[in-house]
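Subject: Structure for you to look at

Hello,

I am passing on a structure that you have not worked with before. Please open it first; my notes on what was found follow below.

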Amino acid sequence: MAAPGENIRINGDRLWDSIMEMAKIGPGVAGGNNRQTLTDADAEGRALFQKWCEEAGMTMGVDTMGNMFATRDGTDPDALPVYIGSHLDTQPTGGKYDGVLGVLGGLEAIRSMNDLGIKTKHPIVVTNWTNEEGTRFAPAMLSSGVFAGIHEQDWAYEREDAEGKKFGDELKRIGWVGEETVGARKMHAMFELHIEQGPILEAEEKDIGVVTHGQGLSWTQVTVTGKESHTGSTPMPMRKNAGLGMARILDLVDEIAWSHKPDAVGAAGHIDIYPNSRNVIPGKAVFTVDFRSPNLEVIQDMEKRLAEGAKKICDEMGLDVELEKVGGFDPVEFDKDCVAAVRDAAERLGYSHMNIISGAGHDACWINQVAPTAMIMCPCVDGLSHNEAEEISKEWATAGADVLFHAALETAEIVA
């Protein structure tokens, strides 16, 4: 297949303006975004994305998980589409670029094709995957997981947020239940552009990360149960402090992760203490342990040591403990041909690049199980993400979108 010429580029100013316009929807309190999945802000962001896609001549399809698919036709009606995209939902204190860059970078690729009069044999579809973040409805990458056959839709619809609201009910409430059967679409390939969410590319002064693998992930929800009692009048030997039990388990989590350095990581980001009162010893602690590694055996070892260690800690303290695996996926190796298309595009365009392993989970990790897939990463300042201070430069965004553009065009086969 013919490679696009090195002079073919996206419009970086237009891409940046679109990102800034989307950031006005669901603004955070400190310059970022709070556009959590299936909120009114999510619905508003979806509507703007659809408007832009239709203005670019694409047709929008939506499946029963709310995944959005904007299609630019190819010249061969029988050719499978090339998919490009990511997600528009954010963390509660999220940045303006996580996920959004990949969706709007895909839209910009289509706009640039229109500007340049480029036609492709394969259709190109720009995708917004529902609930990638998993912050409101666990697990992460929920809808791409249903698409790939990892989860059942009925199970996904029953996921509840902290207020007991169900995913299926909220999807219906905001008006984004589509008619398409989830997973019915077939793909020629998929490319996802994303900020790195780590410090490696910036530290190495590279424009592009060619993502060869994705770390495996394990989320285990731990519930420690003790006994609520008065902080002032309960003698130390008679306390059943669930908060202290949690603290000791979290120290164990850190110890386990360090034992598998340098690639393994572990922490707990979601923590709830009950009743969370200043003068009540916690009677219950619920928290989610997040382990990651590119090695499946390491993840399994970390899970085993957590289960054994948490039980030992709680037995010694007179506490009860329950562990439930609430999310996870095995390490991913992305498609060699798609990875090569990304690497070739970076070289052709003159962007510095390096191979990288994704430390975060992405929709591409699930789609890789049903279609050839690869990812492109651009740097982010200080590696900071899932934070309102998340920042990238216009030049980084442009470079990433240029590489996405070229990889997609080469895979979709330019005909004019």
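Helices (H or I, at least four residues) and strands (E, at least two) are DSSP runs, numbered from the N terminus. Met 141 is not a glycine, yet has a positive phi of about 50°. With a relative accessibility of 2%, Met 141 counts as buried (buried means under 20% relative accessible area, exposed over 50%, partly exposed in between, with a 1.4 Å probe and protein chains only).

Some background on the numbers. This is a predicted model, in which local features need pLDDT of at least 70 and side-chain atom pairs count only at pLDDT 80 or more, while totals for chains, interfaces and linings use all residues. Residues are numbered from 1 along each chain as its sequence is written, and side-chain values use heavy atoms, with hydrogens and water left out.

The loop between β4 and α4 also holds Pro 139. The peptide bond that joins Ala 138 to Pro 139 is cis, with omega near 5°. Another cis bond runs from Tyr 274 to Pro 275, with omega near 0°; Pro 275 is in the loop between β9 (265–274) and β10 (280–281).

Domains and cavity

The protein chain is divided into domain 1 (12–215 + 331–415) and domain 2 (216–329), with bounds that come from an automatic or database domain assignment. The contact between them takes 13 residues from domain 1 and 15 residues from domain 2, where contact means heavy atoms within 4.5 Å. Taken over C-alpha atoms, the centres of domain 1 and domain 2 are 33 Å apart.

The structure holds 1 cavity of 30 Å³ or more. On a 1 Å grid over the protein atoms alone, a cavity is a set of points where a 1.4 Å probe fits but cannot get out, and lining residues have an atom within 4 Å of a point. The largest cavity has a volume of about 60 Å³, a volume being the space filled by probe spheres set on the points, which are joined across faces, edges and corners. Its lining includes Pro 139, Met 141 and Trp 219. β12 gives the largest share of that lining, 3 residues. Because domain 1 and domain 2 both give residues to the lining, the largest cavity lies between them.

Annotated sites

In an unreviewed entry, UniProt lists Asp 98, Glu 133 and His 386 under "binding site". These residues are spread over 289 residues of sequence but cluster in space, with a largest C-alpha distance of 9.6 Å. UniProt positions are given in the numbering used here, feature names are shortened, and annotations may be inferred rather than shown by experiment.

Asp 98 lies in the loop between β3 (82–86) and α3 (100–116) and is buried, at a relative accessible area of 5%. Beyond its neighbours within four places in sequence, Asp 98 is in contact with residues including Glu 133 and His 386. Glu 133 is in the loop between β4 (124–128) and α4 (142–147) and counts as buried at 7% relative accessibility. Among the residues that Glu 133 touches, not counting those up to four places away in sequence, are Ala 140 and Trp 219. His 386 is in the loop between β15 (373–378) and α12 (394–412). At 39% relative accessibility, His 386 counts as partly exposed, and its phi is positive, near 55°.

Regards

Terms used:
On a 1 Å grid over the protein atoms alone, a cavity is a set of points where a 1.4 Å probe fits but cannot get out, and a pocket is an open set with protein on both sides within 12 Å along at least five of seven lines; lining residues have an atom within 4 Å of a point.
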